[in-house]
Amino acid sequence: MIVGVLVELSNKNIDKEFFYLVPDELVSNIKVGIRVVVPFGTQKLEGFVLEIKNDKEIDIELKEIFSIVDSEVILSNELLKLGKVMQEKTLSTLISCYQVMLPKALKAKNGVIINKKYDIYYKLGNIPEHLSKGQEKIIKLFENKNVVSREEIVSISSSILRTLESKNILVKDKVEHYRLDYDKVTKREYILTKEQRSVVDEIENSKDLVYLLHGVTGSGKTEVYIELICNIISKGKTAIVLVPEISLTPQMVKRFTERFGNRIAALHSALSEGEKYDEWRRIMRGEVEIVIGARSALFAPISNLGLIVIDEEHSDTYKQDDSSPRYNAIEMSIERAKLNKNCKVVLGSATPSLDSYARGKKDVYHLVSLPNRVNKKPLPNIEIIDMNKNLKNMRGHFSNILIEKIKSKIDLGEQVILLLNRRGYSSFISCKDCGYVFKCPNCDITLTYHKSTNNLRCHYCGYAEGMVDICPNCNNHSIDTIGVGTEKIEEELKLFIPKARIVRMDFDTTTKKGSHKKIVKEFSEHRYDILLGTQIVAKGLDFENVTLVGVINADTSLNIPDFRSSETTFSLLSQVAGRSGRKDKEGEVILQTFNKEHYAIRYVKYHDYLGFYNMEMQIRRELKYPPFYFLTYIRVSGKDNNICYKESLKIKKSLEKYLDKTIILGPSSSSLFKVNNVYRYGIILKYKKQDNLIPVLEKMIDVYKSNRKVIVDLNFNPRHF
């Protein structure tokens, strides 16, 4: 028997199958989709078996595989096909496409071992006629019980247990224990509104592949998902539910366990590697019917898939921009649905991305809507505070109006969410005398001050240094903090509203395992009055007692040099506004801004998605941006700045010869020019139709695949440049 193996090294030069003989003693255990250990030059590598051939098909001398890693298939035929589709769409290496699908314990990589956890139980074996007093005491523990756990006989020493086992008086049994425990919740049913029932019926009765559910905040999109999944499960099928943020997973899991009990599994980055390994195997064994998680949960090894739900589909987090393969989870969900007969994809959002809504308007996606909140309550009233006129009446970064509103809500026993799209204590540190700015030595970016640890930190490479009082440039005591972060806002709140109980939710407070879930749970139990955070608090969270949302510096994201900045701002503000007044109490929203007349801010005030959509589409059409044009970003990076720039120019000139229907911009330095001592230049391609694009780009990658001085990366339709 001969097997084709894809080895673990992600290198374009070896991105292909290598063939090996299978020793006779291993033939019976070989399957497509398992890992094997093979000789590769002088190395021992792991790889995936992609195909099995007859010995006569290849007439050359082959090496033998060393061993088999897996007893069960870890890459199903469906995932193997999906990986090849991903490779075609991203032009990444095939091995990187398979590796991104798997938890660390199952990736093809030598030396990664995660042990299974077991609970130890004992049952009675052969009981002798004459027992010692100690043995009689142990036997009594089995009265009215078939088995006893190790915890129940914790007082018995290991040596005595070993003696009892050796005499077959006690028989030890190991039962695997999954690391992740789901909270027990009371099951509840939910009666759909007429609008929700109409949407469910429309999706059920249609044969389209992709549906876009445009539902205002609080319209009950989650209940529509649940009802659709109930119907799918009743037909013997399964479902995947994707959420954009880890912080949303606990609430979504709770909603689903209330309906489906423990028939669900969770997959997201906040789980330990052991928990991911356990969840993956539960799914693979068919023990669950629903998988919930962030982007990578799309690749769960669930079989007989009938529905994929992508909640908050507008979120940037569904696109992997930072590493290869740079895939879009929405695009790959649609591709996975195509591999399953009659499987449907439902995209849901109160503020759909312009790309998705344009597809809905053109019937590429089937557009359905929920225009009203479930309880018929109006959307919250939004008040805009013009900070240009309120600078004299400020308390720190708060207008008097916002501070007084927060106080009144707390006095009424209600809760408040405050959004600041920035973490840390301040944006950066500089010298007031000479203008010196503290920058990361590895990256072209300022360091952020964190007061809780009194250090300066780079949010890109992790570099940190202690805070100083003296400027290293002019030696004066003139160090000042510029800008604002969540830590500083928390400090001001404690000063202005001392009685307020505040919890902060941002990257710095949620690094500890379980921290997202803990904060969400405690805030929902009203242990805190104010939830302060970055954009993590804007999406999907559902707290019935929140009646005020405040946004500090609402226009911050408008200043980002990105053609999507208006869309990002409108979506962020609309989403966070939707956290207010979701149940019986009416909600209010206060936006503090220096840019009151910007159309993104104006349309947020009136909850006017269609108005914003029409305005933004006009601008996109004129400037030749998506959804009217496709974009591809080529990044050229390396440790020598001059070489990077010269190679970027060569690439542009070469592309201009072959891509006659494409607008080519650049090369220019990336927005983050230097990260971790690597320089980066970018070239942007804008095109409507360019038939030879993929062959030309494949040739470019082929030219540079052995170049050790520069790395050339491709990103199709990037969310960030």
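Predicted model: local features only at pLDDT ≥ 70, side-chain atom pairs only at ≥ 80, totals over all residues.
Residues are numbered from 1 along each chain as its sequence is written, and side-chain values use heavy atoms, with hydrogens and water left out.

View 1. Helices (H or I, at least four residues) and strands (E, at least two) are DSSP runs, numbered from the N terminus. Along the principal axes, the C-alpha atoms of the chain fill a box of roughly 90 × 70 × 70 Å. Of the 721 residues, 53% count as buried, where buried means under 20% relative accessible area with a 1.4 Å probe and protein chains only.

**View 2. The contact between helix H15 (residues 565-577) and helix H17 (residues 609-623).** The two axes, lines fitted to C-alpha atoms over the stretch in contact, with angles running from 0 to 180 degrees between N-to-C directions, come within 11 Å and cross at roughly 170°. Ser566, Glu567 and Phe570 of H15 make the contact (heavy atoms within 4.5 Å) with Tyr609, Phe612, Glu616 and Arg620 of H17.

**View 3. Strand E19 (residues 415-419) and its parallel partners E26 and E27.** Strand E19 is mostly covered, with five of its five residues buried. Gln415, Ile417 and Leu419 point one way from E19, while Val416 and Leu418 point the other way. In a regular strand the side chains alternate between the two faces of the sheet. Two strands pair if DSSP finds at least two bridges between them; E19 pairs with strand E27 (residues 546-551) over five bridges and with strand E26 (residues 530-533) over four bridges. Val416 has Leu548 as its bridge partner in E27 and stands opposite Ile530 in E26.

**View 4. An open sheet of three strands in the order E21-E22-E23.** The pairing in this sheet is antiparallel, and the edge strands, each pairing on one side only, are E21 (448-450) and E23 (464-466). Neighbouring strands are turned by 30° against each other on average, with direction ignored. Strand E22 (residues 455-457) and E23 pair over three bridges, and Leu456 stands opposite Glu465 in E23.

Note on methods
Buried < 20%, exposed > 50% of the residue type's maximum accessible area, 1.4 Å probe, protein only.
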